[in-house]
Amino acid sequence: MAEATQTRYRVEGMDCASCAAKIDTAVRRMPGVTDVSVSVTAGTMTVKHDEVSDLTAIAKKVTGLGYSVSQIAGKAALVAKPKQACCGHDHGDHSHDGHDHAKHGEHDDHADHDHSGHDHAKPATKDAVEGLHGHDHGPTNGPWWASKKGRLTILSGAALVIAYAVGHLMPSIASYAFIVAMLIGLIPIARRAIMAAMAGTPFSIEMLMTIAAIGAVIINAGEEAAAVVFLFLVGELLEGVAAGKARQSIQSLAALVPKEALLEENGQTRSVPAESLAVGATILVRPGDRISADGVILSGESAIDEAPVTGESTPVRKGVDEKVFAGTINGDAALRVRVTATAADNTIARVVKLVEEAQESKAPTERFIDRFSRYYTPGVVVVAALVAIIPPLFLGGVLGEWVYKGLAILLIGCPCALVISTPAAIAASLSAGARRGLLLKGGAVLETLGTITAVALDKTGTLTEGKPKVTDVLAFGHSEADVLIFAAALETGSSHPLAKAILDRAAADKVAVPAVSDAKALGGKGVTATVNGKAVFLGSPQAAGDRIALSAEQTAAITALNDEGKTVSVLIIGDTLAGAIAMRDEPRADAKSGLKALTDAGIKIVMLTGDNKRTATAIGKQLGIEVRAELMPEDKQRIVGEMKQQGFVVAKVGDGINDAPALAAADIGIAMGGGTDVALETADAAVLHGRVGDVAQMIDLSKRTMGNIRQNITIALGLKAVFLVTTIAGITGLWPAILADTGATVLVTINALRLLAPLRSA
């Protein structure tokens, strides 16, 4: 049996659910094709097929429907791979010395991944039938009146006005004038209907529209037929504009990356295309410039505005060895940056790719409505036929009057608004989330998030910063300033997390750090050196106790800090116990408010950590959260399973590596992290900038989206029900009937676009 692969295409010209359904049906019938996923809002199609499938024939089938198609560059990806739990790695979460030592540390850049982006698409075929499909990208790529659809709508409208003028001046030929006006708009619609029927979609909106218009002419309602065709074209044009808004909301992210970069080579800088930057290259980023690639700062320190990528409004101060993202804005100082990802693999390119793929993944509600519409549309045709035939044959009704009503019901019954109600809301929601750094991998994830009743969170790097900070400086025999100065002097040049914590505090307090000599590291005990002619030791309380006697008061102070989950280093200057420095991995600034947002929503929260019980309990008490500590990865997985057995719908939040088993076991796995491969490509969802409050925002976004979908379904079915009753009662006719379809579709799309509004802060 041939191994299954998948190929992705860019499809231009889709702006409604009818478009996607026709393409799906046509391609699904091609030899070797096993599955098709089409996203209207992303303008993409993914085809799963065997290796002997004719990709050119598949592309021609789509262009035959009137769309332009290009294959997204990159080799076809193998499918049907076994799902691995977050890279399949089990990295443990054990702590030594009271710290979960910074699990976010060093992920590979994975520059060799094949994330072949979105710009290098090569046209698969160009023989699209001109004018066959009225939808095109005009409304999204330029003014609506410059598109083919816009021009056709204007021409149809002008013909209708002329027909009215001719009918007023020469009533004898009025009917012919309206037929001509109708045909100007109907001929392209009818051609699309025929092609769709030949491709396996006989009950398309174009077919219903064609039957209704021709039927109206036959019963001498040519004036209304022309008006209905014009209103249909206007409705489709509005659909294209509205659908383009959702498409632009995520595609505009790609435009954030500058086209040019300042490449540094041999001490000289020159301007080069940003897409040509290779991994390992060094670029110069001037103050006020957008950063042109993902990278690590080699020199310089500046405030970085990350709002374009993460939605975080406050600039983040970053220095040497810290990561920066393409598209973010450098603030007040020049930076030299080493490139860590190519243009096709940078954070923004991967976000766009992931959101587009997520939009192709149908939610349960969407799949149900798709199945429903397959039976609904033929049912509408049958009902319309019965309305047109039964009253005249059996109830003494007037044939022309009931045929007219049957034709109106054809227009009312089109399922476009109903079918687009769910994907429009989900696409807008996925885009809104992505612009805030919230990545959701598909509609099913988005739906499930709204039902979450319990959240289990990792500690280090999730609830805490992932690196220790100085929390207390105790002065015994010297001043606090002296304690910090001498400790920083001994730690200068060290890369140990505790040493960095002391050096960061010294830098923050702007103390002058003296030079040292004769520095020696004492394995497992501490470090010694000569500072300003004095012998200085910095190390653990136990090692300090071997050198000098600690008073009961000093021991009690150190013990109290240890009981708070803090690591204490003791400083001895000469023969004097100078003081002590306490450090701890502190909670994120937003952790407490983020957890409160979850509890306010009625969600149970619990901390699952491999850290020691004392440290975890201290952090848990500070945050007011239930704690389960000293856990192996399999323990976390077991606890998540137990919570599910108790009836909870569980989300597990972690860094995406050592929490792999628990992330896989949860109903929803959420990876925290700053745009690493793991955070973006594992679990079900990812929080790019790691704010705890964003988990609550994800859940709130899900609830808002499901509410929006219910509103959309109500609008779609409600308008149809109203017009169905008024049509049968003889109150409304053909042209209001078209409003029940295109009008409802536009309303549903506009309602879905409300989800693009800024998210509420947690």
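**View 1. Burial and secondary structure in the predicted model.** Of the 762 residues in the protein, 54% are buried (buried means under 20% relative accessible area, exposed over 50%, partly exposed in between, with a 1.4 Å probe and protein chains only). This is a predicted model, in which local features need pLDDT of at least 70 and side-chain atom pairs count only at pLDDT 80 or more, while totals for chains, interfaces and linings use all residues. Residues are numbered from 1 along each chain as its sequence is written, and side-chain values use heavy atoms, with hydrogens and water left out. The protein has 25 helices and 28 strands (DSSP runs numbered from the N terminus: helices are H or I with at least four residues, strands E with at least two).

**View 2. Confidence along the chain.** The protein has a mean pLDDT of 79, and 82% of its residues reach 70 or more (pLDDT is the predictor's confidence in each residue, from 0 to 100). Over residues 75-140, pLDDT stays under 50. Where pLDDT is low, the predicted coordinates should not be read in detail.

**View 3. Leu571 in its strand.** Leu571 lies in strand E22, which covers residues 567-573. Leu571 counts as buried because its relative accessibility is 1%.

**View 4. The neighbours of Leu571.** Not counting residues up to four places away in sequence, Leu571 touches several residues, including Asp482, Phe486, Val536, Leu538 and Leu577 (contact means heavy atoms within 4.5 Å). From C-alpha to C-alpha, Leu571 and Gly539 are 6.9 Å apart in space, although 32 residues separate them in sequence.
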